[in-house]
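Trainee: I've just opened this one and could use a quick tour. Can we start with the inside?
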Amino acid sequence: METLMLITNAKLITWGKENQILTDHAIYIDGDKIAEIGPEPELAARYPDAERVDAHGQYVMPGNICGHTHFYGAFSRGLAIPGDAPKNFPEILERLWWALDKSLDEDGVKYSALVCLVDAVKHGTTTLIDHHASPNAIDGSLDLIADAVEQAGVRASLCYEVTDRDGDAKMQAGIDENVRFIKRLQAKGNERLGAAFGLHASLTLSNSSLERCAEALPSGSGFHIHAAEDRSDQDDSLSKSGLRVIDRLDKFGILGEKSIVAHAIHVDAREVQLLANSGTWVTHQPRSNMNNAVGVANVESMMRAGVNVALGNDGFMNAMWSEWKTAYLLHKSEFRDPRRMGGYDVTKMAVENNAKLAKMFFPNAPLAEISEGAYADLIFVDYHPFTEMTPGNLPWHILFGFHESMITTTIVGGKMLMKDRELLTLDEEEIAAKAREASAKAWKRYEAMF
């Protein structure tokens, strides 16, 4: 039975082409989409049989979107890396991520996804674009994550990270997993699941592997890859091919309007031009970049050059307003200029561009806006401004006032996933208990590698 819901007693933040803050308005939801927005008395009289949801005067706004994340990294929380601390990014990859992903079995894949989805629902992130790796549990891994996404009720695009670092057979298994899952969704369709073709990075893919991936890409799909996150990626690419990373990816047909490049920190002007001309998406992950000490992507310049830049979290907590705040502050500090990365720039990445990126996977209705016909992906925010809040200054209220702890209710596709801070689709206590069991086993396998 389809949802017929009327949200009342709310203050609406619409985002969209012309952001508005509407008082005394209600939202009528029919199925998974917003059917009508209007003065509350009118909608209440028109839809007397709809389920009433009282927002108790809270702000109701579109859910947040994450442009790039890694569910599989959840079990790194609290994990001790043996020996001295890694001194550079290649050591972080080798001693943390490439050992942790090998430690995941099917339970690890499932519960690392579920704990991240609990986090997403609690923190109002309703759409996520994930990039997965589990070299010892490749076949069917995307189905395990998809099942978790379906259980949680959010939207997510999934892919498997193809890499040469575990040998040719596993590289081919990664290709097969991507192709199988993409074709599964193309055959059946799903309003809450999307797919891309995952690649790790240029530095772990040979020319022949890139060729095989390009040949295997199903029609209508695109790639999702890390690129130029660290200088080592450029050094490797120049050594292998005499080309810089983005030039190399362009040569093998990896770029394009449906492809996502994560990070793009160490790119030159020609590479920026290639990204812009090809319509390739770039995602910015400032918290991760700071943590890995890899540098700061000059995304303001990229946007001025016409590159589509969105905002991700690279596996950090799915509290996207924290990513907003980090982006806002990091660029000011890095360039010693308080004019850098203004609130509108952050909003363009996090709202407008993230919505366009997500629509690539979920094309049937607008995302990240309250408008008639848009997906009913909404959050309630218990925020009490003590200065005037307008459509124009809203970004700075989010940057300096909003906090994820203020989110009380999360709705995706007209379905209530959390109401008054109570999770309705996921049992956090049970998931955490089972995740502790799965992570303990994964940690033992991880420690045995050293």
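Predicted model: local features only at pLDDT ≥ 70, side-chain atom pairs only at ≥ 80, totals over all residues.

Trainee: Which residues touch the most other members of the largest nonpolar core?
Mentor: L199, I246, W324, V381 and F402 do. The core has 110 residues. Helix α3, residues 106-122, gives the most to it, with nine residues.

Trainee: What does I246 touch?
Mentor: Leaving out residues up to four places away in sequence, I246 touches A227, L255, V261, V267, E271, L274 and L275.

Trainee: On to sheets. What is the order of the five strands in the open sheet?
Mentor: The order is β10-β11-β12-β13-β14, and the pairing is parallel. β10 (197-201) and β14 (308-311) are the edge strands. Each has a single partner strand, so one side of each is left without a neighbour in the sheet. From one strand to the next, the twist averages 25°.

Trainee: How many bridges pair β11 and β12?
Mentor: Four, in the parallel sense. β11 covers residues 223-227 and β12 covers 260-263. In one of these pairings, H224 has I260 of β12 as its bridge partner.

Trainee: And the sheet of four strands, what is its order?
Mentor: That open sheet runs β6-β7-β8-β9, with parallel pairing. β6 and β9 (193-195) stand at its edges. Each has a single partner strand, so one side of each lacks a neighbour in the sheet. Here the twist averages 15° from one strand to the next.

Trainee: Zoom in on β8. Which way do its residues point?
Mentor: R155 and S157 point one way, A156 and L158 the other. All are buried. In general, side chains in a regular strand alternate between the two faces of the sheet.

Trainee: What joins β7 to β8?
Mentor: Three bridges, with the strands running parallel. β7 spans residues 125-130. L128 stands opposite A156 in β8, and I129 stands opposite S157.

Trainee: Which helix lies across β7, β8 and β9?
Mentor: Helix α4, residues 141-152, running at about 170° to β8. Helix α5, residues 168-188, lies across β8 and β9. Its angle to β9 is about 135°.

Trainee: Last one. Is E257 buried or exposed?
Mentor: Exposed. Its relative accessibility is 61%, and the cut-off for exposed is over 50%. E257 is in the loop between α8 (245-251) and β12.

Trainee: What does E257 touch?
Mentor: S278, G279, W281 and M360, not counting residues up to four places away in sequence. E257 and S278 are 21 residues apart in sequence. In space they are 6.3 Å apart, C-alpha to C-alpha.

Key. Residues numbered from 1 in each chain as written. Heavy atoms only, no water. Pairing = 2+ DSSP bridges. Helix = DSSP H or I, 4+ residues; strand = E, 2+ residues; numbered from the N terminus. Axes fitted to C-alpha atoms, helices over the stretch in contact; angles between N-to-C directions. Core = buried A, V, L, I, M, F, W, Y, C linked by side-chain atoms within 4.5 Å. Buried < 20%, exposed > 50% of the residue type's maximum accessible area, 1.4 Å probe, protein only. Contact = heavy atoms within 4.5 Å.
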